[in-house]
Amino acid sequence: MSNLKQGDFIELEYTGYFKGTDIAFDSSISKDQKTVVLCLGSNSLLKGLEEKLIDKETKEECTIELSSEEAFGKKDPRLIKIMQSKVFIKKNVNPIPGLQVNIDGAIATIRSISGGRCVVDFNHPLAGRSLTYKVKILRVVKDLKEKVDGVINLDFPFFKNYKLENDILIISLERLDKKLGDLVSKRFNEVIPELKTINFEELKKEKKE
């Protein structure tokens, strides 16, 4: 067993709960998987959680407590606004308490409705909540292909066609996009500098007979 350090790729299993409850809000466990592979310190998970994993040991099972400040921050009253209900109705949205809405690119939650007005909260839905994570650290990952798979699974799950050849990552897309390409290249250069290069190619369309 070894102590983890920033930059290590690790495989782990985790579940996050609201502190003091057995209500889970996040988990690595899904229908298709039980674990995730990530680069420690790359903010693939909550920054506060990743920081507390540093110096832990592989094969360790631990419970990590995060205050609201270490998680999604305290609730900021300045981010709670009052808006006219008709603003949503004009957009064919029926405003009801608990509904998450996109307002000019910002995600907000409708908290209450009264007299044709809505109280709209632009804080993160988990702001102000203290959290508890139960984590099982399985191993340090050394294999380059596993590292690539881990980054794509967490950061770019919409990439379905990619391959690794001689330490070169080749990603096939239906349409090439320079901005997306720059973003992807920057991310991989940050977390997997041993990749020789990243190439993008247009996905070949099957010809209809």
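Buried means under 20% relative accessible area, exposed means over 50%, and partly exposed is what falls in between, with a 1.4 Å probe and protein chains only.

**Ground rules**

I am working with a predicted model, where local features need pLDDT of at least 70, side-chain atom pairs count only at pLDDT 80 or more, and totals for chains, interfaces and linings use all residues. Residues are numbered from 1 along each chain as its sequence is written, and side-chain values use heavy atoms, with hydrogens and water left out.

My helices (H or I, at least four residues) and strands (E, at least two) are DSSP runs, numbered from the N terminus. I call two strands paired if DSSP finds at least two bridges between them.

**Entry 1: strand E9 and its partners**

I looked up E9 (residues 131–140) and found that it runs antiparallel to strand E1 (residues 9–18), joined by 9 bridges. Strand E4 (residues 61–66) is also antiparallel to E9, with 6 bridges. Which residue of E9 is the bridge partner of Tyr 17? It is Thr 132. I then checked Glu 65 and found that its bridge partner in E9 is Thr 132 as well.

I found Thr 35 in the loop between strand E2 (24–27) and E3. For plain contacts I use heavy atoms within 4.5 Å. Apart from neighbours within four places in sequence, Thr 35 is in contact with Glu 11, Leu 12, Glu 13, Ser 28 and Leu 138. With residues up to four places away left out, Glu 11 touches several others, including Val 37, Lys 136 and Val 141.

**Entry 2: the cavity**

I searched on a 1 Å grid over the protein atoms alone: a cavity is a set of points where a 1.4 Å probe fits but cannot get out, and lining residues have an atom within 4 Å of a point. Points are joined across faces, edges and corners, and volume is the space filled by probe spheres set on them.

How many cavities of 30 Å³ or more did I get? The count is 1, and the largest cavity has a volume of about 40 Å³. Strand E3 (36–39), helix H3 (144–155) and helix H4 (178–191) each supply at least two lining residues. H3 gives the most, with 4 residues. Among the lining residues I noted Phe 9, Cys 39, Leu 154, Asp 155 and Arg 187. The lining divides into 7 nonpolar, 3 polar and 2 charged residues.

For those classes, Ala, Val, Leu, Ile, Met, Phe, Trp, Tyr, Cys and Pro count as nonpolar, Asp, Glu, Lys and Arg as charged, and the others, Gly among them, as polar.

**Entry 3: strand E11**

Why do I call E11 (residues 168–173) largely enclosed by the rest of the structure? Because 5 of its 6 residues are buried. Strand E10 (residues 162–165) pairs with E11 in the antiparallel sense over 4 bridges, and Tyr 162 stands opposite Ile 171. E11 and strand E12 (residues 197–202) pair in the parallel sense over 6 bridges, where Ile 171 stands opposite Phe 200. The hairpin of E10 and E11 has 2 residues between the strands, and Asn 166 there takes a positive phi near 55°.

**Entry 4: loop residues**

Asn 43 is not a glycine, yet has a positive phi of about 60°. I placed Asn 43 in the loop between E3 and helix H1 (47–53), partly exposed at 47% relative accessibility.

Lys 59, in the loop between H1 and E4, has a positive phi of about 70° and counts as exposed at 60%.

Lys 75 sits in the loop between E4 and strand E5 (80–84) and is partly exposed at 37%. Its side chain makes a polar contact with the side chain of Asp 121, at 2.9 Å.

Technical notes:
1 Å grid on protein atoms, 1.4 Å probe; cavity = no way out; pocket = protein on both sides within 12 Å on 5 of 7 lines; lining within 4 Å. Polar contact = N/O pair within 3.5 Å; in protein donor to acceptor, adjacent residues only side chain to side chain.
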